[in-house]
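This briefing walks through a protein model topic by topic, for a reader who is new to looking at structures. Please keep the picture at hand while reading, and look up each residue as it is named.

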Amino acid sequence: MSKLEPIYQQLCSPLASELLSIHPNDLAASGFQLPGNWKGWWEWATSIDDENTPYFPRWMSILHYYSATPDDQRTGNQVPSNKSSVGLLCDDRRIPPDLKVLIDDTVRVQLSRDRISIGNTSESGNAHRSYGMSPKKEHEVSRMSGYIDQLLCPGSTDTLNHVVDVGSGQGYLSRALQNLGFHVLALDSNEIQTSGAERWKAKEAARRQKQFKRGNDAQSLPDSQHHCNDPLFQSHVATFVPSASIASKNIIHSRTGSLTHQTICINPRTLESSIHDWFLSGEDNQIAGCTNMIGDLLVDRTERRTPEDKPVPVMMVALHACGSLTPDVLRVFLSNYRRPSAPGIRIWTAQALVVVGCCYNLMASEDFPLSRSLRERVPVATLPLSSRHLAAQIPSQWLRNETSARETSLAIRKVVFRALLQPVLQKIGALEASANHTATSSPYDVEELRGVGQTPENRRLGKLPDAAYKDWETFLDRATSKIGVRLDQIATQLPVYIHDKRRRMQLESALSVLHVLRCIMGPLIESLILLDRHEWIREELSRSNETQESSPMDVELVNLFDQATGSGRNVAIVIKPCE
């Protein structure tokens, strides 16, 4: 059975599907009308008392159990009470059995997220790679470029020295790959991002030139001669020379590679044509009697591409390709791979791919499901917007230290306070509509946004500073002041919990548990998306091999980053030639 099936079945189980479809905002707005099978765990979540409240928040108990190892928590051998990772007293045995089963089954089928070992990535590229980067971005760029460097060791691919970085942003990964000896085409749809990348590139070039003048060039430049000498990086270097004639781009040539920035509206058609034009541009802009330079090599204008030349092997990479960008990059790779590789038919060939996706909530409807096993289900597998929103959550990291626990507590408090305010916002909206003789209507697709928690009232409230969530009284005052209303105007219509502290604390506890349970489904949802893409690629590659003589390819999911650094989307889809 496919790995997809147990994951999808778990998400479709009664408790999981109800959790995913009911946002805390929706529950509060409905007057807390609970599904019938929630009664047991809801009573546990609301049963707070003076003894437990300071030491044992119910949501933290859920998180602690979720993050526990199978050898202690899930064997039932844990001691009656133990310390959590942040020093709080926890007794996980009191968690309702149905919630334990839900968490156990979820952890059992979701993908592992432990990062792979890459080796000493600090020696895999530019020693000054951190220039202009946050620690999180430095971690990601260092790990990804180091992995690519090891992936393309001699013998693993055939003469690959061209890389296309899709959604390149500020160009951090592009520059790291250039410094490893690659010739990089960096594509982004945002001109501001491209301009920023060019500024960083100029700053780095100036810094390196300054160090060169000081006689420190030997220490500051990376040792990438292994790429220049390996057969992997020999073919086509003197033939295909990107030029600076394309709009919104800039090229720096050095002995460690070249870098071309270009701004385009990225979709499968423009992506493929941009790569095509990148290789042709050197021919299109030759000037009689002149030469071009790539790396340290002079290229005479007479060395042009001929129809007999083999296609140039290209690696496609993307670091956190947003929304539909990841499926689009995969489509271009597979489309090129299926195309006949005879001379004269195509000038480049998709040889390898390393892509890390993100922002699943921005995927187009046609991006899921992709695999045959999910498309052919009856009924066809679906993934609502609420589920795609939750796929970005990484609850395993929420209690890793005291700072993370404080940030998590604040984030949960924001969700809960805003949920408790929903009836108030609804009453105010209804009163204003009545006074203006207008009907209350929503511009949203109700079914599409089910479980997302987005309402016109919430959009009106907008964002509040962290200080506004210090406690309920502060929040209530700041929120009502911002929207310009007085609670005494609707005092008789307010829910009891607005001014009843104990009842409100019970609901705060239960809503916190609801939010955490929903977020625990996030890594499972991302596992489904990743495995759907993985299986689809395998299907497409297999179909291509059956219809034509193509070099066999491997596809795998690789955990590149450490989620503890903040790199929640840490899984790369990797396609490479079979060894």
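Leaving aside its neighbours within four places in sequence, which residues is isoleucine 62 in contact with? In this predicted model, isoleucine 62 is in contact with Trp44, Ile95, Leu99, Ile103, Val513, Val516, Leu517 and Ile520, once those sequence neighbours are set aside.

**The chain as a whole**

- The secondary structure of the protein chain comes to 21 helices and twelve strands.
- The chain has 579 residues, and 54% of them count as buried.
- Among the contacts between residues at least 6 apart in sequence, 76% join residues that are at least 24 apart.
- The accessible surface of the chain comes to about 25,900 Å², and carbon and sulfur atoms account for 50% of that area.

**Nonpolar cores**

- In soluble globular proteins, nonpolar side chains tend to be buried together.
- The largest nonpolar core in this model has 82 residues, and within this core Trp41 and Ile62 touch the most other members.
- Helix 20 supplies the largest share of this core, namely nine residues.
- There is also a second, separate core of 35 residues, which includes Ile264, Leu271, Ala321 and Leu353.

**Salt bridges**

- A search of the whole structure finds 15 salt bridges, and some of them are described here.
- In one of these salt bridges, the side chains of glutamate 5 and arginine 377 meet at 2.8 Å, N to O.
- Glutamate 5 lies in helix 1 (residues 4-12), whereas arginine 377 lies in the loop between helix 14 (372-375) and helix 15 (385-390), so this pair ties together parts that are 372 residues apart in sequence.
- Is glutamate 5 buried or exposed? Glutamate 5 counts as buried, because its relative accessibility is 17% and the cut-off for buried is under 20%.
- Arginine 504 forms a salt bridge with glutamate 473, and the closest N and O atoms of the two are 3.6 Å apart.
- This pair links distant parts of the chain, since arginine 504 belongs to helix 20 (residues 501-520) and glutamate 473 to helix 19 (residues 472-483), 31 residues apart.
- Arginine 504 is buried, with a relative accessible area of 5%, whereas glutamate 473 is partly exposed, with a relative accessible area of 49%.
- Glutamate 556 and lysine 576 also meet through their side chains in a salt bridge, at 3.2 Å from N to O.
- Here the link runs between strand 11 (residues 553-559), which holds glutamate 556, and strand 12 (residues 571-577), which holds lysine 576, the two residues being 20 apart.
- Glutamate 556 counts as partly exposed at 30% relative accessibility, while lysine 576 counts as buried at 16%.

**Aromatic pairs**

- The structure holds nine aromatic pairs.
- Phenylalanine 32 and tryptophan 42 form a tilted pair, with 6.2 Å from centre to centre and 50 degrees between the planes.
- Phenylalanine 32 sits in the loop between helix 3 (24-29) and helix 4 (39-46), and tryptophan 42 sits in helix 4, so the pair ties together parts that are ten residues apart in sequence.
- Tryptophan 41 and tryptophan 42 form an edge-to-face pair, at 5.6 Å from centre to centre and 70 degrees between the planes, and both of these tryptophans are buried.
- One aromatic cluster is formed by Phe32, Trp38, Trp41, Trp42 and Tyr497.

**Backbone features**

- The peptide bond from phenylalanine 368 to proline 369 is cis, with omega near -5 degrees, and proline 369 lies in the loop between strand 10 (348-358) and helix 14.
- Another cis peptide bond joins valine 378 and proline 379, where omega is about -5 degrees, and proline 379 lies in the loop between helix 14 and helix 15.
- Phenylalanine 32 has a positive phi of about 60 degrees although it is not a glycine, and this residue is buried, with a relative accessible area of 16%.
- Histidine 320, which is found in strand 9 (residues 312-322), likewise has a positive phi, near 60 degrees, without being a glycine, and at 18% relative accessibility histidine 320 counts as buried.

Terms used
Residues numbered from 1 in each chain as written. Predicted model: local features only at pLDDT ≥ 70, side-chain atom pairs only at ≥ 80, totals over all residues. Heavy atoms only, no water. Salt bridge = Lys/Arg side-chain N within 4 Å of Asp/Glu carboxyl O. Helix = DSSP H or I, 4+ residues; strand = E, 2+ residues; numbered from the N terminus. Buried < 20%, exposed > 50% of the residue type's maximum accessible area, 1.4 Å probe, protein only. Core = buried A, V, L, I, M, F, W, Y, C linked by side-chain atoms within 4.5 Å. Contact = heavy atoms within 4.5 Å. Phe/Tyr/Trp six-rings, centres within 6.5 Å; stacked < 30°, edge-to-face > 60°. Areas by Shrake-Rupley, 256 points an atom, 1.4 Å probe, with all protein chains shown as cover.
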